[in-house]
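Here is a short briefing for anyone meeting this structure for the first time. Take a look at the model, then read on for its main features, grouped by topic.

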Amino acid sequence: MNKNPPPGNDGSYGGGYYGGYYYGEGYGSYAEAAVQPSRGLKDYLVILRERIWWLVVTVFVVFLGVALYTFNAPEQYRAVATVELLRDKDRTVQFEDIVNQRIHNVEDFNTQVQILESFSMVREVRRRLQGNELRRFMAPYEEGLDVSLRGMRSPEEILFRNRTISPRRLSMVVNIGYSHPNPEVAAAVANYFAEAYLEHSLREQIDGSRRAVDQLRQQADQELVKIKDMERRLADFKDKYGTTSFDAHQDIDNQQLMALNARLQEDRRSYDMARTAWLQIERAMDEGRPLHELKTIAGAAQVPELLTRMRSLRIDVATLGKRFRDKHPRMIAAREALERTQEELTAAVTEAARSFRNDYERARTNFENSRERLAEKEREVIELDRLRPEYNALVRDLAISKQLYDHYYSRLQQATVKGSLEGQTARIVDEALVPARPYSPNISLNLAIGLVAGFGLGLGLVFALAILDDKIKTAFDIESTIGLPLIGIVPRISRVDVVEKARIVADNQDKHTVESFRAIVSTLKLNEESRNAKVILTTSTVPSEGKSFVSTNLAITFANHGERTVIVDSDLRMPNIAKSLDLEAKQGSLHVLAGDKTLEEVIIKDYLPNLDILPSGGRSKSPTQMLSSERFANLIHELRLRYDKVVIDSPPLAPVSDALNVLPLVDGVLYVVRFNMVKRKTANLNIRRLRESNIPIFGAVLNNINTRFAGYYYSHYYDKSYSQYYFAGDDAEPVAADSGEARGGIEEETSVKS
């Protein structure tokens, strides 16, 4: 069974969360209520509180610097002149503008504001500053720190930096301000800017009108030359094609076309009728049928009479044939009369057919002639239409040139008159007055800005340091970075030696620590997988994180809960369990693995009630081979059969890989992290190595956290308001203690579930 979650698309491992802690996919029965860990406001307040002195010092330095600058800065006076931009210029005559300077929209207004802000206005004002006034203007800028650092500035640069152009909202009014240490100079320069803008606008109008007059005169002359040229070309065209008017010629052609078209239709009908009749005659001749049977032939001249006579003679011949023989004179006369009549009928039919053929030929000739005359006339009309665009273009260009010439000439006359009558496009509403009080420095505003800037820089520095700090400190670091649930924290223990620290739960010297290990055991019992786990491996990222301390006290806590427990020291490079428990263990698991001793001979039984110790018995030169051997696997299997809990203390993962060889033999892993010691990247890398073994990682234990930080880093684990439970008197009644311990266990489970 794969007990570890598969990696997700982003390289992380999927899984569930319980109480804000990640337990891995399929780990625990609470995975359905998954909640992704994230930083909240409290986490940022914790970051701020941890580095509060950085913020305080930064605020103080910035505020002090701003205050020193404010109280030592020279005073500045600001004078303001007000100018109104006219939407339309003043008029003395109602002529249309030659140079359009109307303000139609916001863009036009902003254009005038940009002109006020332009450097050309600065140069205009500079030309007005002369003599003593210029010396007074430059006097404040001829000495000081700024001059020493950047040198002497030009008057234009000073004017440009200290003037302000501020349009008033929802109006056509603009404030022109200027700042200077001398209030009289400030007022004079502000008024110079206003006057310079008015003169600039008027000069632009006059120059524009002069340019417009010259351009209009040039365009009128050009149009006059074009008119003469086009009149000459039009006369040549009429002479070449012999027409004075294409419109009149077109009317005649249209009438002729209509007459020819009517004639063509009539000839077409005659041709169709004659052709039909002749085709019938030809078909009858081809088929050998008598032509007099055709209606067209039967109705021809003499044919009806001859047909009647033929029928009568045939009757007579038939009647005489009954009375006389063939050679009877009357029979001979009757047959001869019938033959003559037949010959006359044949001649009449032939003549009629010839007449129809002649009619057909004549009708066809008439139709073809009419069609040719109509086609010829159409060609004439098309030729005329081909010439018409050229003719019309000449006429149209001539008319347009005449209109343009009239327009240019009229505008030229207006521009000549208007050039001397230009009105103002702006006027000064208020001249700048000499200011009575300085406007800079603004002490209250500067100090407020310094305070806000100090806080901003301080906060930026605090969070920058927090970002650069890659050490694991918070539950967020453990849960989001390395993807493990934080199942408990262990406070820092001071003024305790190594031996006392290793068995601090047994001696009950530190109530906080005892309750921390009880909470870890309670949390492990909440999940079926960790509750049923017999063999638990404790490891860490780097040495000195306290994994041996956690192993011994966790085992003691299991033993105190009535479970038969054994501690196995699998750190064969630097064994620490026996030393930390003050045991002289010259024999241990190494001797069992070597076959020199049995498990019964090396195990230290009943070190505490329900607790046995299996030391390493020394150091190994080949720890990896020892831990991956079949004898070590058999040893762990034997311990699994004998004990309820087997706690294996293994080497850290970062420097050596010994713990990875033990992983296939255990039911789960507890990962020990020392507060503010291990980098997140390093821990995450080693956690990934653990996950590749498909062995459940029950969670992380954060060790050696200062109680000063515990209250705000891990308020859900530690709260000073519960201190009465930790520091109950030693003389408390056993029932009350047991009741409190049970209640504490229940509260611990409740807090984890919440």
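Of the 754 residues of the protein, 41% count as buried, where buried means under 20% relative accessible area, exposed means over 50%, and partly exposed lies in between (1.4 Å probe, protein chains only). This is a predicted model, in which local features need pLDDT of at least 70 and side-chain atom pairs count only at pLDDT 80 or more, while totals for chains, interfaces and linings use all residues. Residues are numbered from 1 along each chain as its sequence is written, and side-chain values use heavy atoms, with hydrogens and water left out.

**Overall make-up**

- The protein has 29 helices and 14 strands; helices (H or I, at least four residues) and strands (E, at least two) are DSSP runs, numbered from the N terminus.
- Among contacts between residues at least 6 apart in sequence, 79% join residues at least 24 apart; contact means heavy atoms within 4.5 Å.

**The eight-stranded sheet**

- An open sheet of 8 strands runs in the order E7-E14-E13-E8-E12-E9-E11-E10, with mixed pairing; two strands pair if DSSP finds at least two bridges between them.
- At its edges are strand E7 (486–491) and strand E10 (604–608), each pairing on one side only.
- Neighbouring strands of this sheet are turned by 25 degrees against each other on average, direction ignored; axes are lines fitted to C-alpha atoms, for helices over the stretch in contact, and angles run from 0 to 180 degrees between N-to-C directions.
- Strand E9 (residues 565–569) has 5 of its 5 residues buried: Thr565, Ile567 and Asp569 lie on one side, and Val566 and Val568 on the other.
- E9 pairs in the parallel sense with strand E11 (residues 611–614) over 4 bridges, and valine 566 stands opposite aspartate 612 in E11.
- E9 also pairs in the parallel sense with strand E12 (residues 645–649), over 5 bridges; there, threonine 565 has lysine 645 as its bridge partner.
- Strands E13 (residues 668–674) and E14 (residues 697–705) run parallel and are joined by 6 bridges.
- H24 packs on this sheet, touching strand E8 (535–540), E9, E11 and E12, and its direction makes about 145 degrees with that of E12.

**A closer look at helix H24**

- Helix H24 (residues 630–642) has 13 residues and reaches 19 Å from its first C-alpha to its last, close to the 18 Å expected at 1.5 Å a residue; the expected span is 1.5 Å times one less than the number of residues.
- Phe632, Leu635, Ile636 and Leu639 are buried in H24.
- The buried residues of H24 fall within an arc of 95 degrees seen down its axis, so they line one face of the helix; the arc is that of the directions from the helix axis to the C-beta atoms.
- Turned away from that buried side are the exposed residues Glu630 and Leu641.

**Nonpolar cores**

- In the largest nonpolar core, of 46 residues, Leu614, Leu639 and Ile648 touch the most other members; such a core is a set of buried Ala, Val, Leu, Ile, Met, Phe, Trp, Tyr and Cys residues joined through side-chain atoms within 4.5 Å.
- Another core lies apart from it, with 36 residues, among them Ala79, Leu116, Met172 and Ala187.

**The four-stranded sheet**

- Here 4 strands form an open sheet in the order E4-E5-E3-E6, with antiparallel pairing.
- Strand E4 (163–167) and strand E6 (426–430) each have a single partner strand, so one side of each is left without a neighbour in the sheet.
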